[in-house]
Amino acid sequence: MSRIRWSQTNPVLTRAGASRRGLAAGVLALGIAGAVPPAHAAKPPIRIGVPVGLSGANSVVAPSVVQAAKLAVSQINAGGGILGRKLVLDVADDGSGADGAVKAFDSLIFRQKVDVLISMETSAARNAGLPVVARGHTPYIYTSYYEGHSCSPYLYVDAWVPEQQVPPIVDYFMQHEHAKTFFLVGSDYAFGRGMLDLTRKYIEAHGGKVVGEEFLPMDASDWTSVLSKLRAAHPDALISSTAGGAPNVTLTKQLRAAGIKVLYGNLAEDEGTAKAIGPDAAGTYLSQSYFTGIENPKNTDFKAALKKMFGANMKTPNDLSEPEYDGIYLYKAAVEKAGSTNAAKVLKALPTVSFDGPRGVVRMSDEHHAPLTLYLGEVQADGSVKIIKSFPHVSPGDQCPTLK
């Protein structure tokens, strides 16, 4: 049976009570026992820390990430755990930002004593948390797409970077839709600026022109001024890169309400958020390493298992949640190869192991990053994504060449 327990300074809560309070603060210990054989009951559990934005910009997508983590842990525990030890999830709300991340990482590593961190986060949260990871010598599998070039001996990434994600959208707009002029919109932080910096360079290198580039704070919800500049610039295409979640909802809805007709490529919208946006998301082009429409038996099984576990409460799996599932299985493979949860041994094993999951085979072998198959898709009126084209085994390029 699962348990939800606040940190030492808070009273014990039932699951319903925690839900009523929105999972808003503190560290949640999600003990997922599964079906671990009694012979292993005396062994201490392996603790997986999941710092994630249950509040703030990522609150739209965080529930799907937690569900993917719970599914992986439940499946692994049902199979006997890892090295005969069950897994326990410790989930902490990082508030989708830097200050919250420092607190969440510190609590998970030094109070909860987790063996590993596996989660998606904003780049601001990741960057703020990495020094805490280094102090705690804790392996950290980052499962979020991001702007690239974040390098640490403790950090491994199983999600895409701009070198993998930008070309499918820009090439399609230029080659198939004959777009020549582009307007770029982003959130004013590492991810938004990093993604659009590479996008601008890629567009210009391929003969296109950027006619406008605008940034708003991560928590911005009013895009009126940006949309006025977009309208005045008359571009062939708009490409956005926001903090994900809530900013994507507000930007898309306000773009449609303004009646601006433009090709729209979104570098930060996941499939779950597209469904949350509703009909206004239709016609948005996405480039991702995971869509629910990927046709392979493992993806079919993954979706069925989520549905069975969460029923009507299941969140749409997406390119921010599915890598969480993969990340836990990659950690399992590394621990089994290392024969231990010892951080140094696990870190050495991580680039040598792989997991064949819903996205296909994932291996974080290229400078702590993963070659991935990318899919170009178009959001439909019902929020589903029609896959237009796939790009197998795309290299992440030079990310961390000095890391051993």
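Throughout this note, a residue is buried when its relative accessible area is under 20%, exposed when it is over 50%, and partly exposed in between (1.4 Å probe, protein chains only). The model is a predicted one, in which local features need pLDDT of at least 70 and side-chain atom pairs count only at pLDDT 80 or more, while totals for chains, interfaces and linings use all residues. Residues are numbered from 1 along each chain as its sequence is written, and side-chain values use heavy atoms, with hydrogens and water left out.

1. Overall composition. The chain contains 12 helices and 16 strands; helices (H or I, at least four residues) and strands (E, at least two) are DSSP runs, numbered from the N terminus. Of the 404 residues in the chain, 57% are buried. Contact means heavy atoms within 4.5 Å. Among contacts between residues at least 6 apart in sequence, 71% join residues at least 24 apart.

2. Helices α2 and α11. Two packed helices are described by the angle between their axes and the distance between the axes. Here axes are lines fitted to C-alpha atoms, for helices over the stretch in contact, and angles run from 0 to 180 degrees between N-to-C directions. Helix α2 (residues 62-78) packs against helix α11 (residues 322-338) at about 35°, and the axes are 8 Å apart. The crossing of α2 over α11 is right-handed; a crossing is right-handed if the near helix is turned clockwise from the far one by less than a right angle, and left-handed if anticlockwise. On the α2 side the contact is made by Val65, Ala68, Ala69, Leu71, Ala72, Val73, Gln75 and Ile76, and on the α11 side by Glu324, Tyr325, Ile328, Tyr329 and Lys332. These residues divide into 10 nonpolar, 1 polar and 2 charged, where Ala, Val, Leu, Ile, Met, Phe, Trp, Tyr, Cys and Pro count as nonpolar, Asp, Glu, Lys and Arg as charged, and the others, Gly among them, as polar.

3. Helices α7 and α8. The axes of α7 (residues 224-233) and α8 (residues 246-257) come within 10 Å and cross at roughly 50°. That angle makes α7 oblique to α8; angles under 35 degrees count as roughly parallel, over 145 as roughly antiparallel, 65 to 115 as roughly perpendicular and the rest as oblique. This crossing of α7 and α8 is right-handed. Thr224, Leu227 and Leu230 of α7 meet Leu251, Gln254 and Leu255 of α8, a set of 4 nonpolar, 2 polar and no charged residues.

4. Helix α3 and its flanks. Helix α3 (residues 98-111) has 14 residues and spans 19 Å from its first C-alpha to its last, close to the 20 Å expected at 1.5 Å a residue; the expected span is 1.5 Å times one less than the number of residues. Its buried residues are Ala101, Ala104, Phe105, Ser107, Leu108 and Ile109. Lys113, which follows α3, has a positive phi near 60°. In the loop between β4 (87-93) and α3 lies Ser96, whose phi is also positive, near 65°. Ser96 is buried, with a relative accessible area of 3%.

5. The loop between β6 (140-142) and β7 (155-157). His149 is located in this loop. Most residues other than glycine have a negative phi, but His149 has a positive one of about 65°. Neighbours within four places in sequence aside, Pro153 contacts Leu347, His368 and Leu403.

6. Ala281, in the loop between α9 (271-277) and β12 (284-288), is buried, with a relative accessible area of 0%. Not counting residues up to four places away in sequence, Ala281 touches Thr252, Arg256, Glu269, Ala274 and Val379. Gly383, in the loop between β15 (372-379) and β16 (385-394), is buried at 1% relative accessibility. Gly383 and Ala274 are 109 residues apart in sequence, yet 5.4 Å apart C-alpha to C-alpha. With neighbours within four places in sequence left aside, Gly383 is in contact with Glu271, Ala274 and Lys275.
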